[in-house]
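Subject: Two-chain model, handover and notes

Hello,

Please find the structure below, followed by notes on what turned up in it.

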Amino acid sequence: MPSTNEINAKNLRKKADGYMKPTLTRWKPDFERAAELYEEAARVFRASSAHADAADAEERSARACELEENHWHAAKAYERATEAYAKATPYDGAAVLASAERAREAYTRSDRAQAGAESLSRAARLIEDSDMKTAAALLRLCLEDLEEDGKDVYASEHHRRLGAVLLRAELYQDAATACLKYAESCSRAGQMNSLAKAYLSAIVALLYDGDGSGAQSTFSDVHEVPGFENSEERDTAYLLLNAYRDGSVDKIKNAISTSSCVRFLDVSFSRLAAKLPNPAHELGALAVKMGVEGVDGDATDEDDDLT
Amino acid sequence: MASAGDMLARVDSLLKRYEAYLPKQETHAQVEAKIAKMKGTEAFAAMLGGAETILDELLEKAAAVKSERNRAAVATLNAEVRRGKNYLRGEIPKLRKAARTKAAGTTEQDAVAMLEIVDDFETQAKARGWVRGPAATINISGDPGSSTNPFVNMEQSESSEAFRQEFEARKAKQDQGLDVISRGLGVLKDIGGEMTEEMRRQQPITDAIEDKLDSVNAEIRTANARLKDTVTKMRSSRKFCVDCMLICVILGVALSVYKLVA
């Protein structure tokens with residue numbers, strides 16, 4: 001049995017539909033009025049917890065704004081639609097993603113690209129706990145936009161959030177890649193402190209995932225990057241990798257506990273570091289593999305003949 | 001209230017007054033001169049007597065060292081004992097010489113007897129461990145953490161042990177404090193780095209705000225000027241007076257009409 005609120009909302013929507021078309025008395029559609037009515041309907045739907053209907057109403061409002069060439073308001077409406085889709089049951093991640101992308105496009109059209117990227121990040125925050133994959137996808141889009149615009153300075157918050165989301169989803173390799181991208185962004189923005197932390201976080205994530213050789217090759221790639229070269233984080237990483245090569249649990253724990261910089265990493269990474277070595281992986285085999293790789297070097301690129 | 005100085009002065013005056021009744025204290029030089037004048041067994045006996053007195057005095061001092069707590073006083077007593085030992089070491093050959101000199105009235109037997117006494121005396125002194133043979137090696141192996149031990153064969157006394165322990169405890173506490181400081185410095189370093197980055201992030205935003213505010217400021221000034229211009233154009237002050245007068249006239253007319261009607 002629909003509530004009075006819902007009936008009201010449906011009526012408003014019908015009225016707004018009327019304004020979208022020209023009539024005998026009104027020869028041009030009144031998009032502004034339609035948008036207002038749609039927004040009102042959406043508010044009422046939200047009050048009665050009909051989130052799917054609310055999302056639909058907001059989308060219509062946004063379309064009306066777009067037809068009116070008011071892209072800023074359209075973008076805001078699309079954002080509200082995204083919020084409604086996030087709360088709707090049954091939850092549809094694809095709908096959230098699509099709606100968020102539309103919001104970002106509307107922002108871009110109103111010449112506010114950075115606001116669009118921020119809106120993607122806000123959408124990701126809504127679904128961080130429930131749908132980590134979609135949240136990660138949204139954050140990646142956000143970071144792509146910021147990178148294109150050269151706004152790396154504003155990207156660190158989003159990078160950190162992406163790393164945390166991927167860790168929570170237990171996608172350690174992806175988290176490490178995200179950290180490396182973060183470090184790249186930091187080097188462009190001149191943020192050396194965060195760069196060092198990002199590299200150390202990547203190595204910690206790889207070690208926790210049991211990818212010792214990956215961690216080693218990452219270290220050999222990045223240990224001469226300015227900003228990481230003379231940092232305490234590099235020393236910690238070196239000690240940690242040595243401890244892993246020796247296959248000694250005590251040395252690993254000692255390296256982490258005596259390090260002065262592990263506590264300053266992001267919370268999720270420092271907690272991960274405290275749990276090293278991962279009991280799920282066999283330390284001896286890992287150490288042997290790392291030892292072999294360390295002596296002979298990473299052999300994957302040797303076959304590439306660049307002549 | 002008599003002070004120590006007064007007491008000393010009074011004692012000195014008393015001593016001077018009754019000097020004649022005091023026992024005659026012979027100085028060491030006077031005693032030696034007397035002995036030099038004596039011959040034979042008398043000289044030997046006098047020298048032996050002197051040496052034995054000194055030996056007794058040194059024994060007393062050694063006993064005092066054991067019970068003395070003040071380190072400086074112990075050092076002084078030890079030095080006096082050493083001086084005493086050196087003196088006796090010098091005295092023993094003199095005694096032997098005195099025993100051998102053949103003076104008038106000394107027989108062969110007496111000479112042998114005197115030599116025996118001298119040997120006994122030397123044994124007596126040696127038995128107390130004073131007249132040393134070759135010098136003992138100085139123990140320089142200092143314990144870790146302490147300075148080299150300049151004293152010869154000094155065992156760890158209770159007080160030095162307690163001192164060492166206190167020293168170690170204080171050092172450990174200092175190390176703890178330094179650890180705390182180093183942690184704090186690490187935190188400060190991190191905070192400083194984050195602050196730098198945050199300010200770098202905020203700088204372009206602040207610049208943008210500044211630019212926008214400048215343009216908004218200019219626009220407001222223009223709008224104000226235009227508004228003022230419009231208001232002046234709408235109603236100039238001269239016309240304003242005319243308006244007021246006309247309103248008064250209308251009110252007057254209305255009042256008179258009202259009076260006529262009422």
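Helices in these notes are DSSP runs of H or I with at least four residues, and strands are runs of E with at least two, numbered from the N terminus. The model is predicted, with local features needing pLDDT of at least 70 and side-chain atom pairs counting only at pLDDT 80 or more, while totals for chains, interfaces and linings use all residues. Residues are numbered from 1 along each chain as its sequence is written, chains are lettered from A and ligands numbered from 1 in the order in which they are written, and side-chain values use heavy atoms, with hydrogens and water left out.

Confidence

The model scores ipTM 0.75 and pTM 0.62. pLDDT is the predictor's confidence in each residue, from 0 to 100. For chain B its mean is 79, and 76% of the residues of that chain reach 70 or more. A contact here means heavy atoms within 4.5 Å.

Interface

On chain A, 14 residues are in contact with 12 residues of chain B. The two chains bury about 1200 Å² between them, 41% of it on carbon and sulfur atoms; buried area is the accessible area (1.4 Å probe) that two parts lose on being put together, summed over both.

The rule finds 4 salt bridges across the interface, a salt bridge being a side-chain nitrogen of Lys or Arg within 4 Å of a carboxyl oxygen of Asp or Glu. B:Glu194 and A:Lys197 form a salt bridge through their side chains, at 2.7 Å from N to O.

On the side of chain A that touches chain B, α8 (156-168) and α10 (192-208) of chain A each supply at least two residues. The largest share, 4 residues, comes from α10(A). By type, the residues of that side are 5 nonpolar, 5 polar and 4 charged. In this scheme Ala, Val, Leu, Ile, Met, Phe, Trp, Tyr, Cys and Pro are nonpolar, Asp, Glu, Lys and Arg are charged, and the others, Gly among them, are polar.

Backbone of chain A

Most residues other than glycine have a negative phi, and most peptide bonds are trans. The following depart from that.

- The bond from A:Thr89 to A:Pro90 is cis, with omega near 0 degrees; A:Pro90 sits in the loop between α4 (71-87) and α5 (93-109).
- A:Leu276 and A:Pro277 are also joined by a cis peptide bond, with omega about -10 degrees, and A:Pro277 is in the loop between α14 (267-274) and α15 (283-296).
- A:Ser49, not a glycine, has a positive phi of about 60 degrees. It lies in the loop between α2 (31-47) and α3 (51-67) and is exposed, at 52% relative accessible area.
- A:Asp111, not a glycine either, has a positive phi of about 65 degrees. It lies in the loop between α5 and α6 (113-127) and is exposed, at 70%.

Exposed means over 50% relative accessible area, buried under 20%, and partly exposed in between (1.4 Å probe, protein chains only).

A buried residue

A:Thr236 is in helix α12 (residues 232-246) of chain A and counts as buried, at 6% relative accessibility. Leaving aside neighbours within four places in sequence, A:Thr236 is in contact with A:Leu200, A:Ala255, A:Ser259, A:Cys261 and A:Val262.

Regards
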